[in-house]
Amino acid sequence: MSHHTSSSAPPRRTRRIVLLGPTVLGLASALFVVRRPLMMSAPRCMSGRWHGCYDTFNGVVLMTLVALPLSVLVVWALAHRRRAVGVASPWRTSLAEVGMVHGTIPFLWLTMMPGASPGVAPRRVSLIPLRDLVTMGTGGIVGNLLVFAALGFFAPVRFPALASVPRVLALGAACSVLVEVAQYALWLDRVSSVDDVLVNATGAALAALASRRWWRTGAQAPSDRSRPAPVPAG
């Protein structure tokens, strides 16, 4: 038994190394592609200027990347604290909590950015499903799919009550409705569209499917631990 365990460790370590390589290359490639627009907004962001940094896509992306080491540090601190008090799955729980926040706030910030004439242009509401998908374009559809993707990916991992694709779909729809209502109430010169709700909720559900392996394992573990041991005969 011990021989089998020791023999399976090297292949598992090899798989992790193989997966880590493409991940690092992908991140490096993404940073190489966006390096120029990020460097254009860096001086304004570092000087604390609102205009040209926090009200632009490049500035939000730059701040998200700058805050990434801090998020990693928070995950490490939470995991070690939970491990010290004997909490089950401390790393997965901590990563899920920080991942939800770090991956959702930047997209919420982008969706709440005002348009060209906030407070002046008439409020616009689109309640006919699928009508705005044509005008969104590929970039708009992908962006809307990512708004609550981090929430859909990590929420069922962190909260067993959400370990279901329909529940994550409902959560994404509810959060999206709140965003659309806020855009309308704050008069941001943005269209409050039912298609945004549909695409945002779909993105959350697809992300939940991507993390299904982890939240299904977490949901089954308590039932396995609580199962009574069989009483030996005789």
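Modeller: A charge sits over a ring if NZ of Lys or CZ of Arg is within 6 Å of the ring centre and within 35 degrees of the ring normal. Before we use that, note that this is a predicted model, where local features need pLDDT of at least 70, side-chain atom pairs count only at pLDDT 80 or more, and totals for chains, interfaces and linings use all residues. Residues are numbered from 1 along each chain as its sequence is written, and side-chain values use heavy atoms, leaving out hydrogens and water.

Biologist: Thanks! Which residue lies over the face of Tyr184?

Modeller: That is Arg123, 5.2 Å from the ring centre. Arg213 is another case: its charged end sits over the ring of Trp214, 5.8 Å from the centre.

Biologist: And how many aromatic pairs does a search of the whole structure find?

Modeller: A pair of aromatic rings is described by the distance of the centres and the angle of the planes. Rings of Phe, Tyr and Trp (its six-membered ring) pair if their centres lie within 6.5 Å; planes under 30 degrees apart are stacked, over 60 edge-to-face, and the rest tilted. The search finds 2 pairs here. Phe153 and Phe154 are edge-to-face, at 4.9 Å centre to centre with 70 degrees between the planes. Phe153 and Trp214 have centres 6.3 Å apart and planes at 45 degrees, so that pair is tilted. Helices (H or I, at least four residues) and strands (E, at least two) are DSSP runs, numbered from the N terminus. Together, ring pairs link Phe153, Phe154 and Trp214 into a cluster.

Biologist: Is Phe154 buried or exposed?

Modeller: Buried means under 20% relative accessible area, exposed over 50%, and partly exposed in between (1.4 Å probe, protein chains only). Phe154 has 17%, so Phe154 is buried. Phe153, at 26%, is partly exposed, and Trp214 is partly exposed too, at 41%.

Biologist: Now the core. Which residues touch the most other members of the largest nonpolar core?

Modeller: A nonpolar core is a set of buried Ala, Val, Leu, Ile, Met, Phe, Trp, Tyr and Cys residues joined through side-chain atoms within 4.5 Å. The largest one has 14 residues, and Met100, Phe148, Leu151 and Trp215 touch the most other members. Helices H6 (90-111), H8 (149-158), H9 (165-185) and H10 (194-210) each give two or more residues to this core, and H8 has the largest share, 4 residues. A second, separate core of 5 residues includes Leu38, Ala42, Cys53 and Leu62.

Biologist: Leu62 is in a helix, I think. Which residues of helix H4 are buried?

Modeller: In H4 (residues 57-66), they are Gly59, Val60 and Leu62. Down the helix axis, the buried residues fall within an arc of 160 degrees (the arc of directions from the axis to the C-beta atoms), so they line one face of H4.

Biologist: Last one: what is the phi of Trp187?

Modeller: Phi is near 60 degrees, a positive value in a residue other than glycine. Trp187 lies in the loop between H9 and strand S2 (191-193). Asp189 is in the loop between H9 and S2, with a positive phi of about 60 degrees. Trp187 is partly exposed at 31%, whereas Asp189 is buried at 14%.
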